[in-house]
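Me: I would like to learn how to read the charged features of a model with some care. Could we begin with the general idea and then turn to the case at hand?

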Amino acid sequence: AATGQGVRDLLYRAAQLLAELPPEEKQAEVPVFRLPEDENAFEITREGNAWRVRGTRIERAAAMTFWEYDEAVQRFQRLLERLGITQALEQAGVKPGDTVYIGKAELEWLPSPEIGREAGGESRWEE
């Protein structure tokens, strides 16, 4: 190696042996497993003087709610309670009269009534 004697022959033979190797087998792709998105997850952000609630389930529920029916509004309120959104909004600092956006719904936060009151009771939301 120090004199360089036979290096050219060695390189030629190495290249020849590499050329004779069988073609590489493609490696099977490694599967990547991802956890499914948590539909109950939500995020609360401040947008100027208003609040925005984002989340798959709550936005879908807001889009499907008939806001003109007290029973539908109460059902929506119970969902907010079950998902922890009511408590999270209150901890974030929402105040009565604040605007809360959920999906395309623009709602006004009202003082917290007892959830599950009979129809005709005070509502937490106004659209």
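Reply: Let us start with the salt bridge, which is counted where a side-chain nitrogen of Lys or Arg is within 4 Å of a carboxyl oxygen of Asp or Glu. In this structure the side chains of Glu 47 and Arg 52 meet in such a salt bridge, at 3.2 Å from N to O. This is a predicted model, in which local features need pLDDT of at least 70 and side-chain atom pairs count only at pLDDT 80 or more, while totals for chains, interfaces and linings use all residues. Residues are numbered from 1 along each chain as its sequence is written, and side-chain values use heavy atoms, with hydrogens and water left out.

Me: How many salt bridges does the rule give, and which residues are joined into one network?

Reply: The count comes to three. Besides the pair already named, Arg 54 and Glu 47 meet through their side chains at 3.4 Å, N to O, and the shared partners join Glu 47, Arg 52 and Arg 54 into one network.

Me: Is Arg 52 buried or exposed?

Reply: Burial is read from relative accessible area, with buried meaning under 20%, exposed over 50% and partly exposed in between (1.4 Å probe, protein chains only). Arg 52, at 16% relative accessibility, counts as buried, whereas Glu 47 at 30% is partly exposed, and Arg 54 at 37% is partly exposed as well. For the protein chain of 127 residues, 27% count as buried.

Me: Which residues gather in the patch of positive charge on the surface?

Reply: A charged patch is made of residues with over 30% relative accessible area and no salt bridge, like charges being joined within 9 Å; Lys and Arg count as positive, and the place of an Arg charge is taken as CZ. Here the patch consists of Arg 57, Arg 75, Arg 78 and Arg 82. Helix H3 (residues 70-83) supplies its largest share, three residues. Arg 82 has its place in helix H3 and, at 60% relative accessibility, counts as exposed.

Definitions and conventions:
Patch = residues over 30% accessible without salt bridge, like charges linked within 9 Å, V, L, I, M, F, W, Y side chains within 5 Å. Areas by Shrake-Rupley, 256 points an atom, 1.4 Å probe, with all protein chains shown as cover. Helix = DSSP H or I, 4+ residues; strand = E, 2+ residues; numbered from the N terminus.
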